[in-house]
Amino acid sequence: MIPFSVLDLSPIRQGSDAADALRSTLDLARHVERWGYQRFWLAEHHNMTGIASAATAVVIGHVAQGTSRIRVGAGGIMLPNHSPLVIAEQFGTLETLYPGRIDLGLGRAPGTDQRTASALRRSRVDTSDAFPQDVAELQAYFQDPEPQQAVRAVPGMGLKVPLWILGSSLFGAQLAAVMGLPYAFASHFAPQQLLSALRVYRANFRPSAALDKPYAMVGLNVFAADTEPEAQKLFTSLLQAFINLRRGRPGQLPPPVDSMDGRITEYELAEVESMLSCSIVGNPQQVEEGLRSFIAEVQPDELMVTSQIFDHTARLRSYELLAQAHARLSSGVEAPTSAG
C-alpha cells in the first residue's frame, strides 16, 4: 500500500489564536507519527488570519523537535518570496539539527495577494518567471561545493536536502520531470489538471541523481468520522472557509454548521464543489471505499492528506480512522459496516 502523509496548515480557529493553532499542530504531528504516517508538511501563506504557518521553517523546526521519526517538511516554501541562499541556509540548518528527516517542497506562487508579495520581496518585479533558475540555484547550494565557489550555504552545502516541485498545473509537472525531482500536485484545492499533470510528469521524466523514476504525491481532503452525518458536518468548516475566500473575506476557520442552506448560492456551491472534488467525506467504510476508488483512478505513489477540521479532537479522530483504513487496505481486510 502506498504511504499516507499529512499536510497541516496550522488552522487558527474562530475564537482562538496562533498559539493554540501551533500547539495543535505539534499534537497532531505526534499522533500521526504514532499512527504510521510517512511525513508531516506545513505550508507557507502570508497575511492570512486563519493560518499560523507563515514562518514555515520555524514551525518545521518546532514539529521536528517535538517528534522523533516522521519526516517533516514544507509543502511548500513559496520560492518567489525568498532568495535561494536564505532557504538553503534555513533548510540546511534544519537538516543539520534533524538529519534525514527534512523535506523541502517548492512552489512557484507567492502564497498571498500581490500587495503582501511586494511587502515580502520589497520589489515590484514578478519573480515567478525565475522559478526554474531559483530551484537550480537552491539545489546547487545543497551539493558538495566547488573548490573556488564564492558563495556557500552554511549549513547547507553537501547535505543534499530532498527537493520536491509542487504544482497545480502542467508547468510544475514539466519542471519536475525535466529536473528529475519528485512532484506533489495540489489536488486538494485545484484538481482540474490532476490527471493531465501526472501524465506529463511521468511521460517526460528524466532520471537524475536525486531520483531514478517518477514519484508523484497527490493532495486529498479527508473528513472521517464514526458516522456519515458527523463527517458531513465537519466538512462544512472547509466549505465555509472556501466560500469566505472566494468572496474576498478570508479569515479564521469557522465552526461547523448543521446545514449550508442559506449560506451559499447555487453558483458558489458548484464552484466550491469543483475545487474540492478531491475530497472523501464519510464513515470508516465510506472513507475506505473512497480511498480505494481514488487510488485506482489516479495511481499516486503517495497520498498527502489534509483535514481542515475545527475541533482538534475530531481532527485527531479523522486521522486515526484514516490510519485504520490504510492498515485495512494494506492487509486486504474490509472495513466494518456502519449504519451512519
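Colleague: Which element gives the most to the lining of the largest cavity?

Modeller: Helix α1 does, with three residues. Keep in mind as we talk that this is a predicted model.

Colleague: What makes a residue part of that lining?

Modeller: A lining residue has an atom within 4 Å of a point of the cavity. Pro11, Arg13, Asp20, Ala21, Ser24, Ile309, Phe310, Asp311, His312 and Arg315 line the largest cavity. Two elements, α1 (18–34) and α11, each give two or more residues to this lining.

Colleague: Why is this space called a cavity and not a pocket?

Modeller: The word cavity is kept for points where a 1.4 Å probe fits but cannot get out, whereas a pocket is an open set. The space in the largest cavity is about 60 Å³, and the structure holds one cavity of 30 Å³ or more.

Colleague: What classes of residue are found in the lining of the largest cavity?

Modeller: Four are nonpolar, two are polar and four are charged.

Colleague: And how much space lies in the second largest pocket?

Modeller: About 350 Å³. Its lining has 17 residues, and those closest to the centre are Lys160, Val161, Pro162, Leu163 and Ala210. By class, the lining of this pocket divides into 11 nonpolar, two polar and four charged residues.

Colleague: Let's turn to helix α5. Which of its residues are called buried?

Modeller: In α5, residues 131–141, they are Phe131, Asp134, Val135, Leu138 and Tyr141. The word buried calls for under 20% relative accessible area, so these five residues fall below that cut-off.

Colleague: How do you know that they are on the same side of α5?

Modeller: Their arc around the axis is only 120°, so they sit on the same side of the helix. Among the elements that cover them are α3 (84–97), β4 (102–107), β5 (163–167) and α6 (170–179).

Colleague: What makes a set of residues a nonpolar core?

Modeller: Its members are buried, come from a list such as Leu, Phe and Val, and are joined through side-chain atoms within 4.5 Å. The largest nonpolar core has 72 residues, and Phe91, Leu104, Leu291 and Leu303 have the most contacts inside it. Helix α11 (residues 312–331) gives the most to this core, with seven residues. Apart from that core lies another, of 18 residues, including Phe223, Phe235, Val272 and Ile309.

Colleague: Which residues does Leu303 touch, leaving out those up to four places away in sequence?

Modeller: Leu303 touches Ile2, Pro3, Phe4, Ser5, Met217, Val218, Leu220, Leu291, Phe294 and Ile295.

Methods. Residues numbered from 1 in each chain as written. Predicted model: local features only at pLDDT ≥ 70, side-chain atom pairs only at ≥ 80, totals over all residues. Heavy atoms only, no water. Buried < 20%, exposed > 50% of the residue type's maximum accessible area, 1.4 Å probe, protein only. Helix = DSSP H or I, 4+ residues; strand = E, 2+ residues; numbered from the N terminus. Arc of directions from axis to C-beta. Contact = heavy atoms within 4.5 Å. 1 Å grid on protein atoms, 1.4 Å probe; cavity = no way out; pocket = protein on both sides within 12 Å on 5 of 7 lines; lining within 4 Å. Points joined across faces, edges and corners; volume = space filled by probe spheres on them. Nonpolar A, V, L, I, M, F, W, Y, C, P; charged D, E, K, R; others polar.
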